[in-house]
Amino acid sequence: MSQCIRCRIRGRVQGVWYRASTQEQAVRFGITGYARNMYDGSVEVLACGEKAALDKLKAWLWDGPRAAEVTEVACDVVDAVAVSGFVTG
């Protein structure tokens, strides 16, 4: 069964290829949604897919790309959203 989560990632996550790397992982796991920079320096990720795939992505969000320094990942289940592909913005 598909579900959607919205995550806020904090730390050194802008300017380190975090969004593009998240997109690569999401595509790899069959997840749709987006990753976007927020004005406060965090990154917001909306991810929709199977629970097992979302669990893998949530675990990866703590690591991020090599240059990232993640200090917090806070995720909430949200109402399903019809999204095709995974985009960055």
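Which residues in α1 meet which residues in α2?

## Helix contact

In this predicted model, local features need pLDDT of at least 70, side-chain atom pairs count only at pLDDT 80 or more, and totals for chains, interfaces and linings use all residues. Residues are numbered from 1 along each chain as its sequence is written, and side-chain values use heavy atoms, without hydrogens and water.

Tyr18, Ser21, Thr22, Gln25, Ala26 and Phe29 of α1 meet Ala53, Lys56, Leu57, Trp60 and Leu61 of α2, where contact means heavy atoms within 4.5 Å. Helices (H or I, at least four residues) and strands (E, at least two) are DSSP runs, numbered from the N terminus. The residues of this contact comprise 7 nonpolar, 3 polar and 1 charged.

The axes of α1 and α2, lines fitted to C-alpha atoms over the stretch in contact, come within 10 Å and cross at roughly 155 degrees. The two helices are therefore roughly antiparallel (an angle over 145 degrees).

## Nonpolar core

The largest nonpolar core has 22 residues, of which Ile9, Tyr18, Ile31, Val45, Leu57 and Leu61 touch the most other members. Such a core is a set of buried Ala, Val, Leu, Ile, Met, Phe, Trp, Tyr and Cys residues joined through side-chain atoms within 4.5 Å; buried means under 20% relative accessible area and exposed over 50%, with partly exposed in between (1.4 Å probe, protein chains only). At least two residues each come from β1 (2-12), α1 (18-29), β3 (43-50), α2 (51-63) and β4 (69-78). The largest share, 5 residues, is from α2.

## Tryptophan 17

Tryptophan 17 lies in the loop between β1 and α1. Although not a glycine, tryptophan 17 has a positive phi of about 65 degrees. Its relative accessibility is 67%, so tryptophan 17 counts as exposed.

How values were computed
Axes fitted to C-alpha atoms, helices over the stretch in contact; angles between N-to-C directions. Parallel < 35°, antiparallel > 145°, perpendicular 65-115°, else oblique. Nonpolar A, V, L, I, M, F, W, Y, C, P; charged D, E, K, R; others polar.
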